[in-house]
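Good morning, colleagues. Please turn to the structure on the screen, which I shall describe briefly.

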Amino acid sequence: MSTRKDRLRKLVKVQEQLKALHETRHATFLAAASSAEAEAEELVAHFDQSSSLSGLFPDLYHKRIAQAVVRQEASLESARQEVGLIAAATARTNMVERTYKDVRRRDERERSDRERLDLIAQKRHEE
């Protein structure tokens, strides 16, 4: 029984690490989306300035703005996918934790029952 309990404890730890990985990836994708959005906004702001080179290279500015917007959308989509993975990892973690706690309680109850039976047997032997 304790080997199953040990395996479940390790599995809970692995599931928590997997969930943390997905949460980290989600945060990374959100940061990348924010960075791409800021880059696009900065390029648009420079494009509108009279002192910028946008008048000489408008296609280059438009291309970089479009690339930044595409990166932002891709990062947001990846972040949305990670949200689903986080939900699945959370559900798995909760399920394994419940099973682990049940096994641990059962193990403790059985140990306690054995101790009581040993005490009863000891008292009978002493009499």
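I shall begin with the overall form and then turn to individual residues.

Please bear in mind that this is a predicted model. The protein chain contains two helices and zero strands. Its radius of gyration is 29 Å, well over the 14 Å that the globule rule gives for 127 residues, so the chain is more spread out than a compact globule. The C-alpha trace spans about 105 × 20 × 15 Å along its principal axes.

The two helices are H1, residues 2-48, and H2, residues 58-126. If we take the contacts between residues at least 6 apart in sequence, 81% of them join residues at least 24 apart.

Let us now consider the surface. Of the 127 residues, 20% are buried.

Which residues make the nonpolar surface patch of about 330 Å²? They are Leu-56, Phe-57 and Leu-60. Leu-56 lies in the loop between helix H1 and helix H2. This leucine counts as exposed because its relative accessibility is 64%, and the cut-off for that class is over 50%.

Leaving aside residues up to four places away in sequence, Lys-5 touches Tyr-100, Val-103, Arg-104, Asp-107 and Arg-111.

Thank you for your attention.

Terms used: Residues are numbered from 1 along each chain as its sequence is written. This is a predicted model: local features need pLDDT of at least 70, side-chain atom pairs count only at pLDDT 80 or more; totals for chains, interfaces and linings use all residues. Side-chain values use heavy atoms; hydrogens and water are left out. Patches are made of residues with over 30% relative accessible area and no salt bridge: like charges are joined within 9 Å, nonpolar side chains (Val, Leu, Ile, Met, Phe, Trp, Tyr) within 5 Å. Accessible areas come from the Shrake-Rupley method with a 1.4 Å probe; for residues, only the protein chains shown count as cover. A salt bridge is a side-chain nitrogen of Lys or Arg within 4 Å of a carboxyl oxygen of Asp or Glu. Helices (H or I, at least four residues) and strands (E, at least two) are DSSP runs, numbered from the N terminus. Buried means under 20% relative accessible area, exposed over 50%, partly exposed in between (1.4 Å probe, protein chains only). Contact means heavy atoms within 4.5 Å. The radius of gyration is taken over C-alpha atoms; the globule rule is 2.2 Å times the number of residues to the power 0.38.
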